[in-house]
Amino acid sequence: MPPERPIKLYDFASSPNCQRVVVVLEEKKLPYEKVPIDLKKMEQKKPDFLKLNPYGKVPVIIDGATVLYESLVINEYLEEKYPETPLLPKDAGKRAKARILLDYGMNHLDGPYQKIRKEMMKDEKERDQQLIEGARKELKHLLGRLERELGDQAYLAGDFSLVDAALIPRFVRLAGMGVLPDPSLPNIGKWIERMKQRPSVQKIL
Ligand SMILES: N[C@@H](CCC(=O)N[C@@H](CS)C(=O)NCC(=O)O)C(=O)O
């Protein structure tokens, strides 16, 4: 059953954490409305917002009486509450494997990803190019695992799933970070192009 009232999504358009929730809301065709939170004006640290999320971060959703934060938790909630368009495999073992991939993509890649991101935020002449190059290499090495997992599958867990939704916001940024495309990662390249064809992903591009 769809929600009685549209789900409220407290959102900052260029936030990858918000974008992965948008992809799931769109895939599940759930009614939702965005409440823009301007991070540049620090609206996320205002007392009213901190009542919704004590961490002072977006995304937050309000679904009826339920207030939630943390993008991955929100997506798991949407999957449990609105299972009509399932975004995890039916089989418990496959579901667990999908979550391992999701954890890998989010947490194991995080170190080098954040290193590059922080450097890229600096003026070009202040960037530590050696550090960036090292992090790029490390990231490409770590991506090899996802390249092999993808193999000739269309999506990371077989069918389109929460894993793809969680990872795509970061992966579209890897192009701007000089990590992708890479000739050693052709399956990831094709996966990104396939993802970009999905209307849900087009919403965040
Ligand atoms: N682990 C959180 C991270 C949320 C997060 O870091 N959001 C960023 C936007 S991408 C934010 O609100 N930053 C503002 C701040 O930290 O003040 C999630 O997955 O939702």
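Visitor: Which residue in β4 does D63 stand opposite?

Guide: The model is a predicted one. Strand β3 covers residues 60–63 and runs antiparallel to β4, to which four bridges join it. Within this pairing, the residue of β4 that stands opposite D63 is T66.

Visitor: Which residues of β4 are the bridge partners of I61 and I62?

Guide: Both answers lie in β4, the strand to which β3 is joined by four bridges. For I62, the partner is V67. For I61, the bridge partner is L68.

Visitor: How many residues lie between β3 and β4 in their hairpin?

Guide: The two strands run antiparallel, and together they form a hairpin. The turn contains G64, which has a positive phi of about 60°. The number of residues between the strands is two.

Visitor: In what order do the strands of the open sheet stand?

Guide: Strands of a sheet pair through backbone hydrogen bonds, either parallel or antiparallel. Here four strands form the sheet, and the pairing is mixed. The order is β2-β1-β3-β4.

Visitor: Which strands stand at the edges of the sheet?

Guide: An edge strand here has a single partner strand, so one side of it is left without a neighbour in the sheet. Neighbouring strands are turned by 20° against each other on average, direction ignored. The edge strands are β2 (32–36) and β4 (66–69).

Visitor: Is L9 buried or exposed?

Guide: L9 lies in strand β1. Leaving out residues up to four places away in sequence, L9 touches V21, L25, Y32, K34, V35, P59 and I61. A residue counts as buried if 20 or more other C-beta atoms lie within 10 Å of its own. L9 has 23 within that distance, so its class is buried.

Visitor: Which residues of α3 are exposed on the face turned away from its buried side?

Guide: In α3, S71, I74, N75 and L78 are buried. They cover an arc of only 100° around the axis, which puts them on the same side of the helix. These buried residues pack against α1, β3, β4 and α7. The face turned away carries the exposed residues V73 and E80.

Visitor: Which elements are among those that cover the buried residues of α5?

Guide: Helix α5 comprises residues 110–120, and P112, Y113 and I116 are buried in it. They lie on the same side of α5, because the arc they cover around the axis is only 105°. The face turned away from that side carries the exposed residues G111 and Q114. The cover over the buried residues includes α6 (129–150) and α7 (162–176).

Visitor: Which residues come nearest to the ligand?

Guide: The shell around the ligand has six nonpolar, five polar and two charged residues. The elements that give two or more residues to this shell are α1 and α3 (71–81). Of the 13 residues around the ligand, the nearest are S15, N17, K57, V58 and S71.

Visitor: Is K196 buried or exposed?

Guide: K196 lies in helix α8, which covers residues 186–196. Apart from its neighbours within four places in sequence, K196 is in contact with V201 and L205. K196 has 12 of them within 10 Å, so its class is exposed.

Visitor: How many Å apart in space are K196 and V172?

Guide: In sequence, K196 and V172 are 24 residues apart. The separation in space is taken from C-alpha to C-alpha. That distance is 9.0 Å.

Conventions
Residues are numbered from 1 along each chain as its sequence is written. This is a predicted model: local features need pLDDT of at least 70, side-chain atom pairs count only at pLDDT 80 or more; totals for chains, interfaces and linings use all residues. A residue is near a molecule or strand if its C-beta atom, placed from the backbone, lies within 6 Å of it. Ala, Val, Leu, Ile, Met, Phe, Trp, Tyr, Cys and Pro count as nonpolar, Asp, Glu, Lys and Arg as charged, and the others, Gly among them, as polar. The arc is that of the directions from the helix axis to the C-beta atoms. Two residues are in contact if their C-beta atoms, placed from the backbone, lie within 7 Å. Two strands pair if DSSP finds at least two bridges between them. Axes are lines fitted to C-alpha atoms, for helices over the stretch in contact, and angles run from 0 to 180 degrees between N-to-C directions.
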